[in-house]
Amino acid sequence: MAELVFLRRGEEVLRFTLDKPRVVLGRGEKCDVAVPDPEVSRQQVALITTDSGVDVEDLSGKGIVVAGKKVSHATLSDGADIALGQWRAIFRAKTSSTDDDAATEIGQQTELAQRGSDGPRITAQLRVRGTKETVHKLTVDSFTVGKDSSNDLVLNERYISSRHLKVVRHENRFHLYDQQSTNGTWMGPVRVFEAEIPLFSTVKLGETEMVFEPTSTTALAAGAKGGTSYEGLVGNDGSMRSLAEIIERVAPSSAAVAIFGESGTGKELVARAVHNRSTRAEKAFIPVNCAAISKELIESELFGHEKGAFTGAEKTHRGAFEEADGGTLFLDEIGELPLELQAKLLRALESGEIKRVGAARPMNVDVRIVAATNRDLMEEARKGRFREDLYYRLCVVPLNLPPLRSRKADVPLLAAHFMKLFTPKGQSVTLSQDALSKLVAHHWPGNVRELRNVLHRALLMRRGHAVEAGDITFQANTSQALPPMDVKAPMAAPVAGQIYVPGRTLEEHLQALEKEIVLQALKHHGHSKEKVGRELGVGRSTIFKRLKDWGLTGGEGETE
């Protein structure tokens, strides 16, 4: 079945299925789709569905602009757009949904039936509090509320107009349009005429309240805002709900938090969630990647230095502890911190005192520490590479992030999130069922970061309005990209017949060769950037920068 995708200032706000022979668009409230724009006539256009296609007819008498041309009548082709003031309606010959359920009877008033789908979304409900409380499942794309019996939801209350408001659902948000009601639609003390309302919003009509909420089985965390998303963490798996509940409990305190998880699971997002849900949310959140700074400079980065403290210290420098005073300091890859600095960090945690390099006196700071690592710190402590007393000081509250392969049911939710994030503005791109099945079947060694990159790449490589299974590609294991290389062998030995790719420039060939050399050297030296830099004759920071440029490092260190 055909559909219209409505855009306002380039942003998609509504999808409407052409499920009637004649559909009228205009500013008037009796139109099938009311477009609230002063440039649009009360009845602007009519779309007429015939056996041969869909025709558009001008009702304003001024002509309409279809696909950039002003006409009075036209047959719509797939992708053609209709100008409606600041709005545009894009015609799609087929809806993006494969589910096209029939509506239940309006008189039942217990469930509003789904006409189309906009990708994975949570099950929501509308709680109506008036003379009595009722709950209605929301599985529609749009519905109307009012006293008149023609509304989808009838509320027989004296301060409610016959046709009071219209609600249009787009993913997990609802767009509310007041239909020129007499007594208004209110959110708190504010009267609203048009608004986007997220879940957990309360709307008041006369003496009746309507609460938009997820059903109890889909809330990510009891009492936490958001349905399948909590402070940027997307998922509905039990482990993610438990994680959100723990964050809600511990965030208001000043206890140190240690986050454990594989690379790419979103440890920095969890750290930011702890900060955002705490009493320190208005203060600074300072992230420091302990693996990205040379051991000669890490002390200065953490604690600062005085002018002239060492060669090159031309002015006084405030360290991360000072920058985070009153807020949160996030120490990513804490397992990479040199042993000699671990003692100073422990003292700062115990006493709240820090001392700049070259300073005569210490200073007091109030900082909450959140640390993260993909290593087993207890095992590192047994091997003498991490202080056991620091481990227990950091692990007041340990948080464990599950790998993506252990919560495959969240892949569709994450896929929908990244599709929305990376789809160009003004375009509507869907994910085919075959592509989604391919994503769910993948093992995801790179976790959520890998899924993000795969979907970003697929959106760039797609050929149509949908991401198909053929657009989904996974990077091959870098250890299998080339045969094992003898680091002492001449450079020319592994090149012949292996590196040349038709269509590449010499610069691109050299960059590809450099990447393979660095990756294989990292594997050879157990992913020690310091050893690789020493062997290749470059600084450790250069190796880290290359990995960052190649997308193999992030807030949590390189993908292994």
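Analyst: The open sheet is built from 5 strands in the order S27-S28-S31-S26-S32, and their pairing is parallel; here a strand is a DSSP run (E) of at least two residues and a helix a DSSP run (H or I) of at least four residues, both numbered from the N terminus, and two strands pair if DSSP finds at least two bridges between them. This is a predicted model, in which local features need pLDDT of at least 70 and side-chain atom pairs count only at pLDDT 80 or more, while totals for chains, interfaces and linings use all residues. Residues are numbered from 1 along each chain as its sequence is written, and side-chain values use heavy atoms, with hydrogens and water left out.

Because S27 and strand S32 (397-400) each have a single partner strand, they stand at the edges of the sheet, and one side of each is left without a neighbour there. Within the sheet, strand S28 (residues 328-332) pairs with strand S31 (residues 368-373) in the parallel sense over 5 bridges, and phenylalanine 330 has valine 370 in S31 as its bridge partner.

Turning to the charged side chains, a salt bridge is a side-chain nitrogen of Lys or Arg within 4 Å of a carboxyl oxygen of Asp or Glu, and by this rule the count comes to 24 salt bridges. In one of them, glutamate 248 meets arginine 277, with the closest N and O atoms 2.6 Å apart. Glutamate 248 is partly exposed, at a relative accessible area of 26%, where buried means under 20% relative accessible area, exposed over 50%, and partly exposed in between (1.4 Å probe, protein chains only).

Another salt bridge joins arginine 356 to glutamate 306, with the closest N and O atoms 3.4 Å apart. This pair links distant parts of the chain, 50 residues apart, since arginine 356 sits in the loop between strand S29 (353-354) and strand S30 (363-364), and glutamate 306 in the loop between helix H3 (298-303) and helix H4 (320-323). Arginine 356 is buried, with a relative accessible area of 14%, whereas glutamate 306 counts as partly exposed at 25%.

A further salt bridge forms between arginine 375 and glutamate 380 (3.3 Å, N to O). Here arginine 375 is partly exposed at 33%, and glutamate 380 is buried at 10%.
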